[in-house]
Amino acid sequence: MATLSEITNAVDAMKTTRTANAANVANAANWKANPVYRLCPRCFRAVPAHSSEYYCCNDGEKLLEGCPRCHTPIHSPFARFCTLCGLAFAPLERMRVKKGG
Ligand SMILES: [Zn+2]
Ligand SMILES: [Zn+2]
């Protein structure tokens with residue numbers, strides 16, 4: 001059973017979310033024309049760059065804002081390598097690529 005203060009807090013949270021959503025809709029419109037993602041270098045979870053996720057919810061890795069080497073933005077949620085310089089986004093993948101020559 002929720003206490004009155006818990007309910008009040010929940011209502012406040014809902015109000016805050018609604019305001020944030022209005023801003024996100026505007027961002028989402030721009031983003032749709034030129035999508036940019038943050039990408040987890042460990043599990044490749046992709047989130048839109050305008051989301052408020054900065055760390056992966058699966059493993060806590062800091063999400064990449066773009067290529068670690070040339071800073072090119074990530075335009076595909078399925079990207080594994082930088083499209084400009086070819087760098088593998090995952091440190092493990094980078095080691096594997098190097099080893100293979
Ligand atoms: Zn992850
Ligand atoms: Zn790059």
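In which loop does histidine 71 lie? The structure is a predicted model, and histidine 71 is placed in the loop between strand 2 and helix 2, the latter spanning residues 91-100.

The chain contains two helices and two strands. Read from the N terminus, these elements follow the order α-β-β-α. Helix 1 covers residues 4-33 and strand 1 covers residues 37-39, while strand 2 covers residues 46-48. Of the 101 residues in the chain, 11% are buried. Among contacts between residues at least 6 apart in sequence, 26% join residues at least 24 apart.

The largest nonpolar core consists of seven residues, namely Tyr37, Leu39, Cys40, Leu63, Leu64, Ile74 and Phe89. When neighbours within four places in sequence are set aside, phenylalanine 89 touches Leu39, Pro41, Leu64, Ala79, Arg80 and Phe81.

The loops complete the picture, beginning with the one between helix 1 and strand 1, where asparagine 34 is located. Asparagine 34 counts as exposed because 8 other C-beta atoms lie within 10 Å, and a residue with 12 or fewer such neighbours is classed as exposed. Although asparagine 34 and histidine 75 are 41 residues apart along the chain, their C-alpha atoms are separated by 7.5 Å.

The loop between strand 1 and strand 2 holds phenylalanine 44. The phi angle of phenylalanine 44 is near 65 degrees, which is a positive value in a residue other than glycine. Phenylalanine 44 has 17 other C-beta atoms within 10 Å and is therefore partly exposed.

The discussion now returns to the loop between strand 2 and helix 2, in which histidine 71 lies. Histidine 71 also has a positive phi, of about 65 degrees, although it is not a glycine. With 12 other C-beta atoms within 10 Å, histidine 71 is exposed. Serine 76 is found in the loop between strand 2 and helix 2 as well. Why is serine 76 counted as exposed? The reason is that serine 76 has 12 C-beta neighbours inside 10 Å, and the exposed class takes in residues with 12 or fewer. The C-alpha atom of serine 76 is separated by 9.5 Å from that of arginine 38, a residue 38 places away along the chain.

Definitions and conventions. Residues are numbered from 1 along each chain as its sequence is written. Chains are lettered from A and ligands numbered from 1 in the order in which they are written. This is a predicted model: local features need pLDDT of at least 70, side-chain atom pairs count only at pLDDT 80 or more; totals for chains, interfaces and linings use all residues. A nonpolar core is a set of buried Ala, Val, Leu, Ile, Met, Phe, Trp, Tyr and Cys residues joined through C-beta atoms within 7 Å. A residue is buried if 20 or more other C-beta atoms lie within 10 Å of its own, exposed if 12 or fewer, and partly exposed in between; C-beta atoms are placed from the backbone. Two residues are in contact if their C-beta atoms, placed from the backbone, lie within 7 Å. Helices (H or I, at least four residues) and strands (E, at least two) are DSSP runs, numbered from the N terminus.
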